[in-house]
Amino acid sequence: MNILFVMKHRGNAGSTHAVANYMRIAPKHGHSVAIYGTPIWYVPELQFSEDVQDFDRVVYLFESELYRIKPLQEVVMLATFPRPRRLILDTDGMYNPVVIVDGYDFNHRNEAERARWIEHLETLGDRIAQTTFARPRNPRVSAMTFYGYNPALQIDPAAAPPKQYDILHVGHNWWRWKQVSAELLPAFEQIRDQVGEIGFVGLWWDGPPPEGSAAGPEEAFRSDPDAFRRLRIQTSNAVMYHDVIQTMSTARINIFTQRPVLRHLKHLTLKYFEVFCADTIPLLMLDRDHAEAVYGRAARELILSGGVAEKLLDALHRPDHYRSVVEDVRRHLTARYSYDRQVEELVAAMPN
Amino acid sequence: MNLLLVTSVDPWVRSVSTVHRWVAAGRALGHEMAVYGIPHPELPSLPFTTDLSRVDLALFIVQVSWDFPDMPYLARLLDGIPRERRVVVDLWGRYNETIRLDHDFNHLEKLDGHLGWEWEEAIQAVSGTILQPSLAPLRPDVRSFLFHGYDAGSVVKRYETAREAAAAWSAAGPAERPYGLMYVGSNWQRWDQVRRLLEQYRSAHVEIGRACLVGWDWGQRPDWAVQMGIMGIDTDPALLAELDVEVHNGVRFDEVTGLLGQARFVPVFHRPLFRRLGFVTNRTFETFHADTLPVLMLPREFVTAVYGPAALALVPGADVAAHLRDALRRPEIYWDAVLQTRAHLALRHSYAQRFQELGELAGIQPRSGAAR
């Protein structure tokens, strides 16, 4: 099966890295995968195509934006792939009722916006998959892991980059400030003199995007550069998807956070898996059940919930113990979430 | 036949007038007619629908990219009507290799974001039946279908004889016919032709009457065209002032025919691209609805083929002013050509004829019903 993804492709965010893995693994199973569009010079390994006739099925992958290709391209796409040959992949929980978590993060601003999304997605196709491990309530929706674990990307400690940080967070400041400010910063405050460098890699930790409200709600980008300065937290810009794991490997500990609405909807993201490829100790800001459901029982020890400061120090003081826990989790991920399985899952989900 | 017209309609531009005539003629012939989409508040006489359940044929009328509906209507349309029941009529020559003529073009990415191959693929994806309003389309996979037509019922004033027409035309005073020459249409790829005509008209201006341009962007080159470097929307306000040309903004489609009757003479121009492609436009036919003498600024072969041989009398030679002066002196000859041309158009280019042609091209036998 030849599968064409229609998606917003970005080197430093989104699902591009996952699709790159599908491109790599799919031929082994007799399939091919490409993204609709023209090649990007700085990611030559990504396969793009505008020859829609070369494909059997199309996957419309939506994140938090109702991504559209150019109008005439849309005509070609819809006329070439009739409704039964389209799969909708909802990675950000947009095909749901309006969900507002703690009066803060949300999937839709209001019912009108939601209605626009629902109409668009339902008009595109009958089959909608969500990248969640929860059982979807809507019978039209199926759950699909989609993101996968690629053991080949694990960083060998012997080849890992020097440890520049004790604690690192890799991810954009997109609906994460509430958790960071309420749980992480107070813990850093307590132990700041006992740990080395702390870093946040990603966009918008120093301030909101320059385009203002066009980029999204102001609340989503809230930050406190003064607090970061006071706590001697370094910030640096986002890295390309192929550098994420390497960057994570520059720290002894990586803190994993997820935006609240996706955590609430039990959506998976690529970072769930990338952080376990890195040469680091991932500490997970997830509920216990949630972490266990994805990572297995071993992950209990990696949960960063309550006693954050103590846990950080413990991980720094007992790295060998935590590394053995990480190995247990990696075995679980390899067995459950290999891209070989994910490719089969994707092909099986395709409408016949 | 239940015919669905798929296009964007705007009371001020493009083919909205022809769309109205298709609807009216179709209904008179007993067909069920609708435009795809939700009702347009400024076009109350057009029936709109999003119900695709009974459509026999969807006619995609393509000029600009937004003639294809936006989502969700686009997906519903393409999923709801099989390809073999869709036909595309390409009114702006999009389904051709990229053509550049003077400043004119059929594809320009910086204007609408689309390359030539995107137009080609989109049109091919929609239908295997592709039509263009030319008697001789360039591509072998395109068939001739003029789409626009002549509606004898829309003629503003009917005359039994050329003498009667000429007498009425000559007798009209300034209150009824304040202009000598009028062109109604937007400033889009026509300036060179308009300028040449106006410069030639200079010597006849006092004798025949003031010239008037009605349409968008004649008064000045628009900022967006300057910023984007789009040529073909040139104008020369100083020259227009020197030639005493009156300039007005565009008018709604349903005011055009009446407005044309305010001038003794009305030129018919086709933009360079359309001249090359041999395309007709709405104005090709609509000008003959008006109570005026058309001046056909078109190639003689085209005039003969579309309007019939009598219309050659309405084609000026090299000296346009001399042509107009002669018409002023001997109007009956020219009105005779107009009446003969109207008869030719009624016979060969009626909307009933167009329905017949479309049915044959689409492989559908038009089911006529009782006129409503």
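**Domains, core and pocket: worked exercises**

Chain A of this predicted model is assigned two domains: domain 1 (2-148 + 338-349) and domain 2 (151-337).

**Exercise 1.** Work out how domain 1 and domain 2 of chain A sit relative to each other: how far apart are their centres, and how many residues of each are in contact?

*Solution.* Start with the centres: taken over C-alpha atoms, they lie 26 Å apart. Next, look at the contacts, counting heavy atoms within 4.5 Å. On that basis, 38 residues of domain 1 of chain A meet 38 residues of domain 2 of chain A.

**Exercise 2.** Find where the largest nonpolar core lies, and explain why.

*Solution.* First, get its membership: the core has 99 residues, and F5(A), F146(A), F188(A), F276(A), Y295(A), L302(A) and L312(A) have the most contacts inside it. Then ask who supplies it: helix α4 (residues 177-191) of chain A gives the largest share, 7 residues. Finally, since domain 1 (2-148 + 338-349) and domain 2 (151-337) of chain A both contribute residues, the core lies between them. For a closer look, pick L302(A): leaving out residues up to four places away in sequence, its partners include F276(A), I281(A), Y322(A) and V329(A).

**Exercise 3.** Describe the second largest pocket: what is its volume, and which residues line it?

*Solution.* Volume comes first, at about 1,100 Å³. Of its 47 lining residues, V13(B), R14(B), W92(B), S186(B) and W188(B) are closest to the centre. Now sort the lining by class: 25 nonpolar, 13 polar and 9 charged residues.

Methods. Residues are numbered from 1 along each chain as its sequence is written. Chains are lettered from A and ligands numbered from 1 in the order in which they are written. This is a predicted model: local features need pLDDT of at least 70, side-chain atom pairs count only at pLDDT 80 or more; totals for chains, interfaces and linings use all residues. Side-chain values use heavy atoms; hydrogens and water are left out. A nonpolar core is a set of buried Ala, Val, Leu, Ile, Met, Phe, Trp, Tyr and Cys residues joined through side-chain atoms within 4.5 Å. Buried means under 20% relative accessible area, exposed over 50%, partly exposed in between (1.4 Å probe, protein chains only). Helices (H or I, at least four residues) and strands (E, at least two) are DSSP runs, numbered from the N terminus. Domain bounds come from an automatic or database domain assignment. On a 1 Å grid over the protein atoms alone, a cavity is a set of points where a 1.4 Å probe fits but cannot get out, and a pocket is an open set with protein on both sides within 12 Å along at least five of seven lines; lining residues have an atom within 4 Å of a point. Grid points are joined across faces, edges and corners, and a volume is the space filled by probe spheres set on the points. Ala, Val, Leu, Ile, Met, Phe, Trp, Tyr, Cys and Pro count as nonpolar, Asp, Glu, Lys and Arg as charged, and the others, Gly among them, as polar.
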